[in-house]
Amino acid sequence: MKLYADEPVRRTRQAVADLVVVLLIALAVLLAREVREHILELRGPGNGLISAGNDLHNTFTDAAGKANGIPLVGDDVAGALNTGSSAADQLTAAGRWQVEAVESLALWVTIALVALPTTFVLIVWLPRRCRYVREASAAARLRSSGGAGHDLLALRALVTTSLPRLARTEGLATGWRAADPDAVAALAATELRRLGLDP
């Protein structure tokens, strides 16, 4: 498998591009984690509501228990205090809802911050990189296989060369059809150089 070109400048560009991609994804993950931590700090008011609601519920429940012992009006006072206990439960539920909403927001923002750059990289960079590895690996195998491989590389050079350039190298195309070894070698070298490989 041929991951990088033989030509130093192209190999350096490929390695730098690979490094930039890895750094971009790592940066996206770090940024997402940092943003997530800041969003989760917004749970504070919700946690405060939960704590206040629980304290209020305990206070009303204790008071209702003590009010039950009052003769004649104890049941009525305990009932009123239990209503306050229900209101405290609603306060606790509102706090829990806020905490869950903040945690859900933190999760989806984190996913978006990681997924967007990663998806961009996978759509733009990965197909091009895989195509290069596939083509360069095949060309390297053909280069090492000798005459038949060089003939196929020469044919590929003829197929992929632009028409103006092909018109300038008409003698090579004629030489390839006549199986001229020099023409085949020149065309094979052209294809290998196009991929950044040493002829």
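Accessible areas here come from the Shrake-Rupley method with a 1.4 Å probe, and for residues only the protein chains shown count as cover. The model is predicted, so local features need pLDDT of at least 70 and side-chain atom pairs count only at pLDDT 80 or more, while totals for chains, interfaces and linings use all residues. Residues are numbered from 1 along each chain as its sequence is written, and side-chain values use heavy atoms, with hydrogens and water left out.

**Whole chain**

Start with the whole chain selected. Its accessible surface is about 12,600 Å², and carbon and sulfur atoms hold 65% of that. Colour by secondary structure next: the chain has seven helices and zero strands. Helices (H or I, at least four residues) and strands (E, at least two) are DSSP runs, numbered from the N terminus. Read from that end, the order is α-α-α-α-α-α-α.

Of the 199 residues, 28% are buried. Buried means under 20% relative accessible area, exposed means over 50%, and partly exposed lies in between (1.4 Å probe, protein chains only). Among contacts with a separation of 6 or more, 74% join residues 24 or more positions apart; contact means heavy atoms within 4.5 Å.

**Helix 1: Q14**

Select Q14, which lies in helix 1 (residues 8-40). Q14 has a relative accessible area of 10% and is therefore buried. Show its surroundings: beyond neighbours within four places in sequence, Q14 touches L3, Y4, A5, R129 and Y132.

**Helix 3: A112**

Move to A112 in helix 3 (residues 74-144). A112 counts as partly exposed because its relative accessibility is 33%.

**Helices 4 and 7**

Finally, select residues 147-160 (helix 4) and 181-194 (helix 7), which pack at an angle of about 70° with axes 7 Å apart. Axes are lines fitted to C-alpha atoms, for helices over the stretch in contact, and angles run from 0 to 180 degrees between N-to-C directions. The angle makes helix 4 roughly perpendicular to helix 7, a term for 65 to 115 degrees; under 35 counts as roughly parallel, over 145 as roughly antiparallel and the rest as oblique.

Which residues of the two helices meet? From helix 4 come H150, D151, L153, A154, R156, A157, L158 and T160, and from helix 7 V184, L187, A188, T190, E191, L192 and R194. These divide into eight nonpolar, three polar and four charged. Ala, Val, Leu, Ile, Met, Phe, Trp, Tyr, Cys and Pro count as nonpolar, Asp, Glu, Lys and Arg as charged, and the others, Gly among them, as polar.
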